[in-house]
Amino acid sequence: MYYEVHSENIAARAHAPEIAQILRRFALHRDEGEAVAYEALAAALLPDFGDDLMVLEPTGDGDYRWLHFGREIVRYSGATRLGQRLSGMRERVARFTIDSFDQALAEDRPLYTVHRSTQAVRVALWERLVLPTVTRDGRRFIIAFSRPLQFREDLLNAVLESSPSGIVAMRFIRDDAGRIEQAVIVTANRRAAELSGRPEIDLLDTDGRETLPFLSDTSIWRRCLYAIDLQRPDTLEASFTFDGVTTWLRVAIAPLGDGLLLTLTDITDLTVANQTLQMRAATLALEIGRERATRRALSEEIGLREERETELRRLAETDPLTALLNRRSFTDKANAAIAASEADGSDLALIIVDLDHFKQVNDTYGHPAGDAVIRAFADLLLGQFRNPHNLVGRFGGEEFGILLQGCDLSSAAAYARQIQDALLMRSMPVSETLALKVTASLGIAARHSGEALASLTARADQALYRAKNEGRNRLGLADPAPVAEAA
């Protein structure tokens, strides 16, 4: 079973932005040398994050019992465990979870964990923030934020398993100094195991440097590290011998977060054919037809592989619900835009949009309706910002970001008003019989010379919070910060 446990640099390791927010609230409730009070922390967290939270108490016999089981966790796992014992889960998951909860209580500090699900409906990996607390009567409670980290969608499975190429995705496990300790395989199709000469071995959760024979070559592993460091794809050819049989592979390397995506194409036949052609130079004319056919087949295969790689990269860069850029991809592209803006002195502005009272939509009409509203609003944004120089992304939940290149603060405010006007003029379609009116609050900031993305985002966030605090359905402008009501 694949798992990670970390007690340091939790905010940097986490994927869900809520984890950093929850850690800050935990720190605010902690007096020096004292355990965090459960009642105060629960009151601070449950209203905002309760759908993704679990609360458990030790049973005194090495087990835990659920006292709260968030609705989002139920949705992803397929059932509630409220009132049940933790030991009722699959044995390896239960053992790992109990050990991590025991460690958090023993050390009295937060832990961040990642583990592979073995029972949930769709989730492959979960990330979890574990917080130790104490009640007024001295009992120890665990509050845990739990969110799915990776999905196994039917489309992705079909692409992986129907591919004639081997496909392997690896996630790096690093020590506190940032050095790679393991390159854990989190996704691999059957073809990858076959091309590695080990069809009988399940590659999942193994160290790729041990189970993929070509990665034992230090020069090839160095090329993989260069691809990560430079964030640039690479292609190489490698060979290995297993049971007396030599296999030649073309290995396409692509950075994928803090890890790699490897596409393995068997070119043994082509390599042998080329070697034979070199030895049969005297009869080259007779072999030209075969060579052309072989190269044409290889060209077609490379084209198919590139299409699959493009689709996999698109899935990795976009939000699955809206097809907008996900937060990580938006950040990468925004940093590149800021570098270009710094170089040519052009203007750049950021709009952060948050749909007002969105929780009421989910609570009243259900999460499918909420998802429909999110998709409809994403379509609205894509329709208004068609310029390829603009970036539109979903930060998570009902929060969106828009980066406008060549745009100053007043122009960005005009675009923001267009968004509000569009929301006033239309309803968000949910089904053939239901459409909902929604409003949005917006925070707008224009980049200062030399300013980094983190600072620009923080100022836009502050403007957004100001707009929400002053009644919602408003625009908040950073530096200066007047607030305008929607017309």
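This is a predicted model: local features need pLDDT of at least 70, side-chain atom pairs count only at pLDDT 80 or more; totals for chains, interfaces and linings use all residues.
Strand 7 has two antiparallel partners to consider. With strand 11 (residues 259-266) the antiparallel pairing is made by six bridges, and within that pairing I167 stands opposite T263. With strand 8 (residues 180-188) the pairing is again antiparallel and extends over seven bridges, where R171 has V184 as its bridge partner. Strand 7 and strand 8 form a hairpin with five residues between the strands, and in that hairpin G178 adopts a positive phi near 90°. As a general point to keep in mind when viewing these strands, side chains in a regular strand alternate between the two faces of the sheet.

Elsewhere, Y112 belongs to strand 4 (residues 111-116). Is Y112 buried or exposed? Its relative accessible area is 0%, which lies under the 20% cut-off, and therefore Y112 counts as buried. Leaving aside residues up to four places away in sequence, Y112 touches a set of residues that includes E4, V5, H6, I10 and R13, as well as E127 and R128. With E127 there is also a polar contact between the two side chains, at 2.6 Å. By contrast, S216 is 104 residues from Y112 along the chain, and the C-alpha atoms of the two are separated by 31 Å.

The last element is helix 16, whose 17 residues (453-469) should span 24 Å at 1.5 Å a residue, and the distance between its end C-alpha atoms, 24 Å, agrees with that expectation. Its buried residues are L453, L456, T457, R459, A460, D461, A463, L464, A467 and K468. An α-helix has 3.6 residues a turn, so residues three or four places apart point the same way. The cover over the buried residues of helix 16 includes helix 12 (327-344) along with strand 12 (348-355), strand 14 (399-405), strand 17 (440-446) and strand 18 (474-477). Just after helix 16, G471 takes a positive phi of about 125°.

How values were computed
Residues are numbered from 1 along each chain as its sequence is written. Side-chain values use heavy atoms; hydrogens and water are left out. Helices (H or I, at least four residues) and strands (E, at least two) are DSSP runs, numbered from the N terminus. The expected span of a helix is 1.5 Å times one less than its number of residues. Buried means under 20% relative accessible area, exposed over 50%, partly exposed in between (1.4 Å probe, protein chains only). Contact means heavy atoms within 4.5 Å. A polar contact is a pair of N or O atoms within 3.5 Å; within protein, one must be able to donate a hydrogen and the other to accept it, and residues adjacent in sequence count only if both atoms are side-chain atoms. Two strands pair if DSSP finds at least two bridges between them.
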